[in-house]
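Open your viewer and keep the selection tool ready. We will go from stop to stop, and at each one you select something and look.

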Amino acid sequence: MLTSQMCKRDVLTSDDFVRWAERIRPSWDFDHTGVPVLVHRKMWEWLFIIQALFERGMLQPGRSGLGFGVGQEPLAAVFASFGCTVLATDMAEDRAREIGWTSDGQFAADLDSLNKYGLCDPAGFKERVSLRTVDMNDIPRYLSGFDFTWSSCAFEHLGSIESGLQFVERQMRCLAPGGVSVHTTELNVSSNDETVDEPGTVLYRQRDLRRLALRLRLRGHKIDLDFKPGETTDDQHVDVPPFSNVHLRTRVQEYVTTSYGLIIAKRGRRRAPTG
Ligand SMILES: C[S@@+](CC[C@H](N)C(=O)[O-])C[C@H]1O[C@@H](n2cnc3c(N)ncnc32)[C@H](O)[C@@H]1O
């Protein structure tokens, strides 16, 4: 079973991940060239979320999922294709435009765009997926009782290190007992001391994620952290402009950063799928 981790190259080439990459191929191989799975951290993030939820029995009819800051990612459509009911959310459009999320195609402008690659049959998508505006810094109380929650590459953009950590803690309220939460974010791999903590983007240090894990465990939730970096050349390569076709680590200011995936199980007994 996957745990919260950063190791990527070997995971990306595993049978499970390759199977998911094929399932979402229309979302990354736009010209249908049949190229091998991209060695890219964004690909790893999406496949990590899919595999973590699949392993935990979340991707089946009768399960419900809540996604935050979904942008144009393919995940809502994939989850719906398994029969899950999905509430996809993103920030208010005028605010997203101000910040710049709309101009680089990383914002969920409308529901249809979430299935633009046809990953879910249109009727099933229409029946099971909805889109709503939700500010991750102010999650409405009525969002509760979901089997799973997720976000990809979003909570590092909430204003500060602490805002992102508070988001992860607060969104646990949205889950039913025993529910599963999977999130990916930025991990600073060059320093556990100095880092970027600016309104646009933050880079989490190991110590921030350890602090988060402690806070979650104190509330009775379950989370294990693994900071093994991955030993392959691809895991170690730091990709800077002009970018190569191996993009698992990059540089932000003077720090090397990669993606980290968090998997949290809410305290309590997991229920069976409904319906
Ligand atoms: C880097 S994009 C990632 C998009 C998508 N999750 C993906 O993996 O491609 C960050 C996303 O977070 C959203 N976002 C940023 N701040 C937010 C906030 N306060 N509340 C909700 N969504 C937010 C943006 O609108 C955007 O969709």
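**Stop one: the start of the chain**

Select Ser4 and Asp224. The side chain of Ser4 reaches across to the backbone oxygen of Asp224, at 3.0 Å. Is Ser4 buried or exposed? Ser4 counts as buried, because its relative accessibility is 1% and the cut-off for buried is under 20%. One reminder before moving on: this is a predicted model.

**Stop two: the ligand**

Select the ligand next. It takes up the space of the largest pocket. Show what is around it. The ligand is surrounded by 19 residues, and the closest are Gly69, Glu73, Asp90, Gln106 and Ser152. Colour this shell by residue type.

Now zoom in on single contacts. Start with Gly69. One of its backbone N or O atoms lies 2.8 Å from a nitrogen atom of the ligand. Go to Asp90. Here the side chain takes part: one of its N or O atoms is 2.6 Å from an oxygen atom of the ligand. Then select Met136. A backbone N or O atom of Met136 lies 2.9 Å from a nitrogen atom of the ligand. How much of the ligand does the protein bury? Taken alone, the ligand exposes 590 Å², and the protein buries 96% of that.

**Stop three: a buried arginine**

Select Arg63. Look for it in the loop between helix H3 (41-55) and strand E2 (64-68). The backbone oxygen of Gly57 lies 3.1 Å from a polar atom of the Arg63 side chain. Is Arg63 buried or exposed? Arg63 is buried, since its relative accessible area is 5% and buried means under 20%.

Stay with helix H3 for a moment. Select Gln51, which lies in this helix. Gln51 counts as buried too, at 4% relative accessibility. Gln51 and Arg269 are 218 residues apart in sequence and 21 Å apart in space.

Most residues other than glycine have a negative phi, and most peptide bonds are trans.

Select His32. It has a positive phi of about 55°, although it is not a glycine. You will find His32 in the loop between helix H2 (15-23) and strand E1 (39-40). His32 is exposed, because its relative accessible area is 66% and exposed means over 50%.

Select Cys153. Its phi is positive as well, at about 60°, and Cys153 is not a glycine. This residue is in the loop between strand E5 (146-152) and helix H7 (161-171). Cys153 is partly exposed, with a relative accessible area of 22%. Cys153 and Tyr260 are 107 residues apart in sequence, yet 9.3 Å apart in space, C-alpha to C-alpha.

Now select Pro241 and Pro242. What is the form of the peptide bond from Pro241 to Pro242? The bond is cis, with omega near -5°. Pro242 has its place in the loop between strand E7 (238-239) and strand E8 (246-247).

**Stop five: two more distances**

Select Met172. It is in the loop between H7 and strand E6 (175-188). Met172 is buried, with a relative accessible area of 1%.

Finish with Gly83. Its loop runs between helix H4 (75-81) and strand E3 (85-90). Gly83 is buried, with a relative accessible area of 17%. How far is Gly83 from Asp135 in space? Their C-alpha atoms are 26 Å apart, and in sequence the two are 52 residues apart.

Methods. Residues numbered from 1 in each chain as written. Predicted model: local features only at pLDDT ≥ 70, side-chain atom pairs only at ≥ 80, totals over all residues. Heavy atoms only, no water. Near = heavy atom within 4 Å. Polar contact = N/O pair within 3.5 Å; in protein donor to acceptor, adjacent residues only side chain to side chain. Areas by Shrake-Rupley, 256 points an atom, 1.4 Å probe, with all protein chains shown as cover. 1 Å grid on protein atoms, 1.4 Å probe; cavity = no way out; pocket = protein on both sides within 12 Å on 5 of 7 lines; lining within 4 Å. Sits in = over half its atoms within 2 Å of the grid points. Helix = DSSP H or I, 4+ residues; strand = E, 2+ residues; numbered from the N terminus. Buried < 20%, exposed > 50% of the residue type's maximum accessible area, 1.4 Å probe, protein only.
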